Each structure stands twice: as structure tokens, then as C-alpha cells.
Amino acid sequence: MRRLLSSVTVAVLAAGLLTATTTTVQARAFDEQQRLDRIATPTIDWQACDEGAPAGFECASVQVPTDYDRPRGATTTVALTRLPASRPSSRKGSLFLNFGGPGGEGVSTLQQVFDVLVTPEVREHYDLVGFDPRGVGLSDPARCFDDADAEAAALEGLPAFPVTRSGERAFVRQTARISRACRAEAGDVIRHASTANVARDLELLRRAVGDDTLAYQGYSYGTYLGATYARLFPDRVGSMVLDGTVDVEAYSGANRDPRSVGARLAQGPAAEEVFDEFLEHCRLAGERCSLNALGDPAEVVDEVLERLRTRPVTIDVQGTPVEVTYPLAISSIFLQLYSPSAFSGLSDFLVLLAEGGGEAPTTLQRQLAPTQERYTSLGSSLAQLCVDSRSVLPPAAYPALADREDRVAPRFGRFRSWVGVQCPQIGLRDRDAFTGPWTQTTDATVLVIGTRFDPATPYANTRPFAEKFDDARVLTVEGYGHTTLAVSTCADAAIARYLVDGEAPRDRSTCEQDRAPFTDEPTTRRAPAPVLPAPLPGL
């Protein structure tokens, strides 16, 4: 009887807590909507984009409050681009997009991937709208240095992550200098760069394009932005596709996990799992995977990585010699796990390292020598990350954390454990940041998508993320890589039915990818999948 009474008491208290929490969530959302409704809607003056943009695109910029607590004070620029609906008579509204990061650009990325982004049906019914979040790209970017040359000099010699004890000390000292520069040069931008403020900007943009509710598609970090928007403006959500879900509790620090943001997102173990899958598919692919010519792929890779710890390999990247150290090899492998279409190139890369050098495959050349027409600072990646993630672990504690994560995930744990080390060194907070609770109150049906083997946003996040919504439908893509952008015509069709017809798939639906690893090119309509933005500190 005592146990029964105790259970009843706990249940009653839990019910009371749940009611109080739900009431608080609803009150916060009401306050946010009232707050934003009192701010004037910006006017968008769409004009032709600068030379180099694809035909049909328009560009604009608007001014939004820098600090929403002072809506009549200083303003921040938000840059946008749109591709108008291809059939204006059938137009439903605007589809806003975020491609990840944090720090990923929306303007340039949309202009690069629009042709493989959505189906023709979606293009007919929606203007596609990309925007650079505040502090990023063309939106008053957080620049840590005066120019690209100064930043390159500050970053010179900085590895993707440190390996030795002396390397760790040097890494902490160098990142501290860089972080101080970011705080000094971009502090005013960073302290107002929270995802909550990006969500508030998005709400003003929704009103500015004249839509009654928001249609939104977010990838990776974009799912965190979508969850934040839905939490602050639940009555304004119309359609929402969230692909490659971030663990919002871990990212925001709401779970009180004291580890670094990279460690608590479990990216190390996730990448380990995907890399093991890559090696097994390679083994089964026979001569279609170049690694097999050297022996058992797993054994070859172990030997190569162990050798790289003391003997780097020089490879040719667009005519320039690049020294591939152990940290650079690990970070390069990690990014090549983002897309199954890169698996063959990853195999070729590992063969180069095993054989002592040569010309880098095309996929790796794009990664190691990206084209950049203007100065894009590390600060743009750190701005949202640092003010959102409650990264309070002191840098001196990172080596011990890295050792623990290395034991859990021997290839990638140490690498991902150092993500966010700059944040306590920068030491800035945004008073308007939102870090939970994450219970959602929107009535809209939300489409949540997860890839079974994802190195950056582990598939295990998908169901818990969806369960925070009253009506979320989970679509699983059985395959590999980070998000489902341009890799599954089945998933594309499901998204189109949801956005165009309002028909969400049944919960727990599945789709296959168009191309399995190491198979021939697909016969579908699409080009090889683009790789989403993945700044080193981000997702």
C-alpha cells in the first residue's frame, strides 16, 4: 500500500509539473507572438541579383532589430534570395530554407542546389527563399579579422584537432588567441546571434512575403532553427520539413550534460558507425571499391591511419601540394561520409594515403580547395553555436574529455570532442537565446526525416525529436549520409505530397536511396547529391 500511495503521489506531482510546464510553454509562445506583432513588418524590394546568380533569381535585403528587446534601436541586415514559383497561377506561397551549419549560407547555397532541391511540383507551387542568418554570409557577418589574409595567418598551422599533449596545449593557446579576436572584432554581432533571434527574423520575413503561415524546410542545424521557430511561434507554423534532426536538448545544453557540444551530440560514435558501414560495403563491392586492391579495407585503413600519426602524406590538390596529417585525414574522412555518392572518392583518397601520395579525387579537391569569392570568417560558424550551446567546459578540461571520447569512438571521438572549445574562450551570451524547454505546442503536422546511417545527426535523434511535437510523422531513409538532400526520389515525392497537397506520409514510413554505395550511377533525374555546408565547428 505504501508503494501504491507513493506511486500515486509521484504521478500526481508529475501531472502537475507537466501541466505547469505546458502552461509556461504556451505563455512564452503567446508573449513572443505578441512581441513580434508590435514590430513593423519590413518591406522587401526584390531586385536582380549580382552577376553570377542563376537566371530567374531575385535578391534583396531587409533590416531587422539587432536586439528584439530594443526593437526601435540598432538594426541588422538579413540578405535573401528567391526563385519565384514556376507556375504563378498555382502559387501557394514561399518555402523558406535553411541548409545547416550553423554558419551555412542560405543565399549562395540555394542558388547552387536549387535544381536538385525539390521536385518540379514543389517548384510550381512555391517561391523558394533562402536567407543568410544574421551574422552569416551577406547578413552583417561575424568577422573575427579585418580580412581573409589576416584570418588565414591566425589559423596557420592549426590542426583540425590536437593529438599529442604538447599539441593540445598549443591548440588551446592558438584557439584562445583566435577567440579573443572574434570577441573583440565581432562581439557585437555574436552577442545577438542566437538561433532564437534568427527565428524571430524568420517570423518577420514570413510576414514580409505575405504568407499567413510559414512553410519551411530545414536540414541539420536547420532542424534546430525549425524547432526553435515552432516553439516560439507555434500558431504560425504551416508546413515544416525537418531533415537530419539535431538533438535539441544536447545542442542547447538543456540536458545539463557538462561535456563539449561536439561530444554530447554523439557525432563521434555516429561517424564510427557510418565508417564501419563504408568499409563493409567496400569489402563486398570487390573491384568497384579501389581499397580492395590493397587487401582487407579495414586492415588497410587501420595501418594507414596509424602511420599518419607520425608520417604525413603529401597529395596534389589542383596543382598545390597539401600535407595530409592524421587530423586532416580524419576530418576529411568525416566530411566524405556526408554523401554516399562520395564513397568511391573516399576509397580513392584512402588508397592515395596508403600508396604515399598522388592527385586527390575530385570530391576531395572541392573539400580541400573550395572556391570563395569573399571573406567568410570562422566567426560566422561560431556565432550561433556559442550563444546557443551553453558550452562552459573550460579548455583545460578538453584533453581528458578527448581521451574519454577516443575510447568510445577511436577514429572520430577525439576529433568531435573539441567542437565548441572556442565558445568558453569567447565567453559571450545572448540574453534572448532560447534553450528550452522543448515541448512543442503547434497543431501543425510536421514531417521529420532521418537517414539510417548519418555521421553528423545520429539517426537515434529522429524519434525523440519527433515526439516533442503533437503530430509529427517520421520518414526514415534507409541509407547513408547526412540528410536526404538529392539522394532519394522516394523521399522527394513524399515531401512534395506534404508541401503541395498537405498529405503527410504515415508515421514510420520508409524510403530507399536512389543509389547504394559503390554501385553504378543512378538512372533517376538527378545529378550527384551536393554536400551540405559543414563548417568545422558546426553540424
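This is a predicted model: local features need pLDDT of at least 70, side-chain atom pairs count only at pLDDT 80 or more; totals for chains, interfaces and linings use all residues.
Is Asp-403 buried or exposed? At 18% relative accessibility, Asp-403 counts as buried, where buried means under 20% relative accessible area, exposed over 50%, and partly exposed in between (1.4 Å probe, protein chains only).

## Ground rules

Residues are numbered from 1 along each chain as its sequence is written, and side-chain values use heavy atoms, with hydrogens and water left out.

## Salt bridges

Side chains of opposite charge can pair when their charged atoms come close. Here a salt bridge is a side-chain nitrogen of Lys or Arg within 4 Å of a carboxyl oxygen of Asp or Glu, and by that rule the count comes to 33.

Back to Asp-403: its side chain meets that of Arg-165 in a salt bridge, 2.4 Å from N to O. The pair links distant parts of the chain, with Asp-403 in helix 16 (residues 398-408) and Arg-165 in helix 5 (residues 165-190), 238 residues apart. Helices (H or I, at least four residues) and strands (E, at least two) are DSSP runs, numbered from the N terminus. Arg-165 is partly exposed, with a relative accessible area of 42%.

Arg-87 forms another salt bridge, with Glu-124, and the closest N and O atoms are 3.6 Å apart. Arg-87 sits in the loop between strand 3 (75-83) and strand 4 (93-98) while Glu-124 is in helix 3 (residues 120-125), so the pair ties together parts that are 37 residues apart in sequence. There's also a network of salt bridges linking Glu-32, Arg-35, Asp-69, Arg-200 and Asp-432.

## Nonpolar cores

A nonpolar core is a set of buried Ala, Val, Leu, Ile, Met, Phe, Trp, Tyr and Cys residues joined through side-chain atoms within 4.5 Å. The largest one has 101 residues, and Leu-95, Phe-96, Leu-117, Phe-131 and Met-240 touch the most other members. Leaving out residues up to four places away in sequence, Leu-117 touches Leu-97, Phe-99, Leu-110, Leu-128, Tyr-219 and Leu-485, where contact means heavy atoms within 4.5 Å. Apart from that core lies another, of 51 residues, among them Ala-285, Leu-337, Leu-364 and Trp-418.

## Around Leu-352

Leu-352 belongs to helix 13 (residues 343-355) and is buried, at 11% relative accessibility. Its contacts beyond four places in sequence include Val-313, Ile-315 and Pro-361. The C-alpha atoms of Leu-352 and Val-313 are separated by 8.6 Å, though the two are 39 residues apart along the chain.
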